[in-house]
Amino acid sequence: MQGGRVIVGKIPRAIIYNKDLGEKRVLFYLYIYFAVSRSRDLIIIINEAVKSIGYRPNAQKGRINDEFVSFISFLVEGGYIKVIRKQKGYIKYQALSKMDEAPFGIIRYDEYIKIIKSASNKTASLLLLALLRLNSYKRTDRNDKQPEVYFCHLSELPNKLGLSSRAVSASLNTLSSLGLIHSEEQRRYQDKYGNWHSGVYLFIDKVKYNNEEIDQSYNWQKEFELASKWLMREQAKYND
């Protein structure tokens, strides 16, 4: 899973959208993913894992330790990892190929560390960033003019993620203040039936990587401008 100087975490769509796994699902998953980025094996000591993601261990039923153990059980049952050794105090696991199966949302290790160290709402921020990355359009050789953005109504995100509207808004502010994304509501438009539509937001990365290096030619303001024009053209298709 390691690639040069940039370690990239790949969060499967099935994890991002599974609200039954709780708000911490992307946080838990990335801890495990990055822990196996140098080898396929992973030793998990729950108290140490909980401390590493910025929480105080609590072994009471339904609290953080229990949440983490339940999430690991889900990964084992789902075929993401498997148990290869049980010892007193820890269990050794092996990562399986399902952890890298597309479709997935990408969060780089440096972004993960930045969020868990500086964000008070780290669980919601990681979850939201994973969803935005999963759904952003990707350029291809066939369509190299396609802007790499995601758009939706802001009101859709709480239900998609299992978060409150307040948590989504706060997470957007966090991701923006950390220099990771830019989001902006687009102007209203009128369809051919005379109905007005509003509330569509565009989301775009502020930094782009080309393989393992930051793409110095990337200008997110220009990309956003292109994306805004592209969205207007897409909306106009429904008026023909």
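Which residues of the largest nonpolar core touch the most other members? I looked this up before anything else. The core has 58 residues, and Ile 32 and Tyr 112 touch the most other members. For this entry a nonpolar core is a set of buried Ala, Val, Leu, Ile, Met, Phe, Trp, Tyr and Cys residues joined through side-chain atoms within 4.5 Å. Buried stands for under 20% relative accessible area, exposed for over 50%, and partly exposed for what lies in between (1.4 Å probe, protein chains only).

**Entry 1: what I am working with.** This is a predicted model, in which local features need pLDDT of at least 70 and side-chain atom pairs count only at pLDDT 80 or more, while totals for chains, interfaces and linings use all residues. Residues are numbered from 1 along each chain as its sequence is written, and side-chain values use heavy atoms, with hydrogens and water left out.

**Entry 2: the whole protein.** I noted nine helices and 13 strands. Helices (H or I, at least four residues) and strands (E, at least two) are DSSP runs, numbered from the N terminus. Of the 240 residues, 40% count as buried. The protein exposes about 13300 Å², and carbon and sulfur atoms supply 46% of that area; the method is Shrake-Rupley with a 1.4 Å probe, and for residues only the protein chains shown count as cover. I also looked up contacts (heavy atoms within 4.5 Å). Among those with a separation of 6 or more, 62% are between residues 24 or more positions apart.

Entry 3: I went back to Ile 32 and listed its contacts, not counting residues up to four places away in sequence: Leu 42, Ile 44, Phe 68, Phe 71, Ile 72, Leu 75 and Met 99. There is a second, separate core of nine residues, which includes Val 149, Leu 202, Tyr 218 and Phe 224. In soluble globular proteins, nonpolar side chains tend to be buried together.

**Entry 4: strand β3 and its sheet.** Leu 42 and Ile 44 made me look at β3 (residues 41-44), where the side chains alternate. Two strands count as paired if DSSP finds at least two bridges between them.

I then checked the bridges. Four join β3 to β5 (residues 90-95), with Ile 43 opposite Lys 92 and Asp 41 partnered by Gln 94. Six join β4 to β5, and Gln 87 has Tyr 90 as its bridge partner. The hairpin of β4 and β5 has two residues between the strands, and Gly 89 takes a positive phi near 95° there.

Entry 5: Five bridges join β8 to β11 (residues 200-205), and His 182 stands opposite Ile 204.

Is α6 buried or exposed? I found 13 of its 14 residues buried, so the helix is largely enclosed by the rest of the structure. Ser 125 is found in α6 and is buried, at 0% relative accessible area. Leaving aside neighbours within four places in sequence, Ser 125 is in contact with Ile 115, Ser 171, Thr 174 and Leu 175.

Entry 6: Lys 145 lies in the loop between α6 and β7. It counts as exposed, at 74% relative accessibility. I noted Trp 230 as well: Lys 145 and Trp 230 are 85 residues apart in sequence and 9.7 Å apart in space, C-alpha to C-alpha.
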